[in-house]
Structures are given as C-alpha cells and as structure tokens.
Amino acid sequence: MTSEVISPSLIPTLPGHTYVDEDIFRAEQEEIFEKMWFCAVLSADLTKPGSYKTVQVGRESVLINRTRKGEVRAFFNICRHRGVKLCMEEAGVVGRAFQCPYHAWTYDFEGKLIAAPNLTKMPDIDRQEYGLVKIAVREYMGYVWVCLADEPPSFEADVIGAIEERLGDLRAIEGYDIAHLSLGRRIRYDVKANWKLIIENFMECYHCATIHPELTEVLPEFADGLAAQFFVGHGAEFGEDIKGFTVDGSEGLERITGIDDEQDRRYYAITIKPTVFVNLVPDHVIIHRMFPMAADHTIVECDWLYLPSVVDSGKDLTASVELFDRVNRQDFDACERCQPSMGSRIYAKGGVLVPSEHHIAVFHDWVTSRISAAGSPASH
Ligand code: FES
Ligand code: FE
C-alpha cells in the first residue's frame, strides 16, 4: 500500500489488524527480522572466551559467543543431532565447549562438533557438516549484529547508511566513539505492544508536550511537536537554564571527549531499522534494542553508555538515567494503551498522521513493501 493522501494534512496509518494479526507478524519475522541486520548483544557482555548470550531473532534462538581468539561467533541455538535447544540460559560462560544436555554432543566455540558419545563407532561423521549452523556477524558501535539471511544485505548500506542519512555526515557520530563507551545502566522493558507502535512513537514528537514533561523541560523545542528526526543533521538544543541531560536539568556527567562543540548541549535521535534507536547527548549515548516476541509483545533492552572513567568512578548516574527511563515508561505506556484498540472495528482502517508525523508513512510503506514483495499476507 502506498500512503494515499486523504486531505492535504492527513495521511492514513496502517490498518489496525496489521498490529495484531499473527500471520502478518510471522511475515515480518521472516521478511524483516530474519533477513536484515539485527542488533543482538553488547560486545562487552561477552567478556571472555566461552561467554555467551542467547537472543530471539525473528522465530529463531541465536547463540552468540566469544572464541578463544577473542572473536565473536553466532549460531542457530540448535543441536544438530536431534534438535534440542543447546543453551537454555540467556547468558553464561562455558569452560571448554558447549555440551548438549540431551545426548552430550559437544561443540567448540567455532561451532565444530568435537565430541559425541560413541563417536568412535561413527568414524564417517563429518564434524564440520554436523557442527552448529553459523550466522553472519558484524561488530559495530560496540554491539554484535547478526543476520540470519543466507546472503546478508549490505551492512554499510542498511545500518551505517541509516545513520548517515539521519545525521547527514558520519563524522557527527564518530566523535561519540560509542564502541569505547562503558555500560552504566541497563533496563529491560517488557512492552505489551506491537513493535511498529514502538517505532512510530519513537519517530514522532507530536506526543512530547502531552506525555513527556521532563523531556520538554530539557528540550523546549520538543513542545512544538517536531521530532529532531524530522530534519537531517538536526540536534535539539537544551533549554537555556538546563545544565545537563538529566531528569531535573542538573549537571550531567563528564562530556564525551571526541564530540564537537556544536554537539554539546544537543540531543540527536536516530532510528536504525528494524529494531534500534540511538540517542546521542553530550555525556552519554542511549541504545535501545527491540526484540519483537509476538504481535502484541516486544521486549526492549535499553543501555546507557558513558565514558569508562565515569562508570569506573562509581558516580551516581540516577539523575542521568532517570530522564530517559521516564521517557521510555511514558512512551511504552502510551503504546500499550494503543495496542488493545488495534483489533477494534473502529480502527479497521487505521488512524491518521498529522503533518509532523508524515515521515512515519515512509516507515509504513517500507514495512508493507517488505512483506508484500515476498508474497506474504497483504497489509489490508
Ligand atoms: Fe543434542 Fe542429542 S539432541 S546430543
Ligand atoms: Fe516519546
């Protein structure tokens, strides 16, 4: 569906059922989350060889681990013998290898099958062939990104290109040197809403004056309803009396060393489709990773990253973290209040986008074209 203009200022949203229909969600899993680059884990969470995390990507469980050489590998989290889920935990460290809890097939950190009971009686078994099935990985911005597609799309075009398109120039993000920041706080939000509602919410600021009193205090231009994302390269300026990006406008933490003076006292927001939001402020970077679990359920993991010296110092981050934690709760609460209405007959044709939200129609067209090009259920 291409967005049709129903009046000069109003554009329809997606129809309501696209936010609740399990067939559409399955098509999104297949055509979007399982085919695009997906930001899976913070590299620093894999602290040493044998450290691993498991994450849900589309319909698949993915096992990501650090090898003896310090590199990162990703596999389908499935034993090649009879298909048991190899690692049941979300995170852990194994000493030497991954051993299947069913019949004890054992895989090294490169995924190779290295042992199995009675394997000497099966000399012809190909240990590479029956190793764990590899998934493409990239490390970027301090995160491990995975792609389940047989032929992954260009990371440069899809991920780095999205940042460039938003900021106008990659140098604008390089100064934050995100890969070398340290995790100050992580909060996981369990959101009973469709992932698209969360993206749409992040893309617009029409709601800011209504639900984000603390944020509009710090960024007064947000009260006008125009999101910073609306203009290429634009960063929203802090209010005159605001000292830092904190819940009460008090002083923030140590400024990130490499940023330009013109980036000081400014806030930038970037959406990297399909599941990542990045916020840049002078003293920290906030990265949201979404994990769409069901049509009406999304887990959002949010990391607050600071200079290592700030985290190491043990300084109190409460006022800093609390601003966006409140923003997140306000946003997710709004999304959760939309979700039940998506199945209502009143919303069968969807709602409308006002001019300051028109850019969301581009996202809608993108989702629709991805799932309909593959012959998946049409969006209406
Ligand atoms: Fe894993 Fe049998 S299912 S060893
Ligand atoms: Fe918001």
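Predicted model: local features only at pLDDT ≥ 70, side-chain atom pairs only at ≥ 80, totals over all residues.
Local features are given where pLDDT is at least 70, side-chain atom pairs count only at pLDDT 80 or more, and totals for chains, interfaces and linings use all residues. Residues are numbered from 1 along each chain as its sequence is written, while chains are lettered from A and ligands numbered from 1 in the order in which they are written.

**Domains**

The protein chain is assigned domain 1 (37-147) and domain 2 (170-374); such bounds come from an automatic or database domain assignment. Taken over C-alpha atoms, the centres of domain 1 and domain 2 are 32 Å apart. Domain 1 gives 8 residues to the contact and domain 2 gives 10 residues, where two residues are in contact if their C-beta atoms, placed from the backbone, lie within 7 Å. On the side of domain 1 that touches domain 2, the elements giving two or more residues are β2 (38-42) and β3 (51-57). The largest share of that side, 3 residues, comes from β2. By class, the side of domain 1 that touches domain 2 holds 6 nonpolar, 2 polar and no charged residues. Here Ala, Val, Leu, Ile, Met, Phe, Trp, Tyr, Cys and Pro count as nonpolar, Asp, Glu, Lys and Arg as charged, and the others, Gly among them, as polar.

**Strands and a helix**

Helices (H or I, at least four residues) and strands (E, at least two) are DSSP runs, numbered from the N terminus. Two strands pair if DSSP finds at least two bridges between them.

Strand β14 (residues 266-272) has antiparallel links to β13 (residues 236-237) and to β15 (residues 276-281). β14 and β15 form a hairpin with 3 residues between them. The table lists three of the strand pairs, each with one pair of bridge partners.

| Strand pair | Bridges | Partners |
|---|---|---|
| β7 and β8 | 2 bridges | Q99 and T106 |
| β14 and β15 | 5 bridges | A269 and N279 |

A residue is buried if 20 or more other C-beta atoms lie within 10 Å of its own, exposed if 12 or fewer, and partly exposed in between, with C-beta atoms placed from the backbone. Strand β14 is largely enclosed by the rest of the structure, because 5 of its 7 residues are buried. Helix α4 (residues 195-203) is mostly covered, with 8 of its 9 residues buried; among them are W195, L197 and F202.

**Single residues**

Most residues other than glycine have a negative phi, and most peptide bonds are trans. M141, in the loop between β10 (134-140) and β11 (143-147), has a positive phi of about 60 degrees. M141 counts as buried because 23 other C-beta atoms lie within 10 Å. R265, in the loop between β13 and β14, also has a positive phi, near 60 degrees. R265 is buried, with 20 other C-beta atoms within 10 Å. In the loop between β14 and β15 lies P274, which is joined to K273 by a cis peptide bond with omega of about 5 degrees.

A294 belongs to strand β16 (residues 284-294). With 13 C-beta neighbours inside 10 Å, A294 is partly exposed. The C-alpha atoms of A294 and D21 are separated by 9.7 Å, although these residues are 273 residues apart along the chain.
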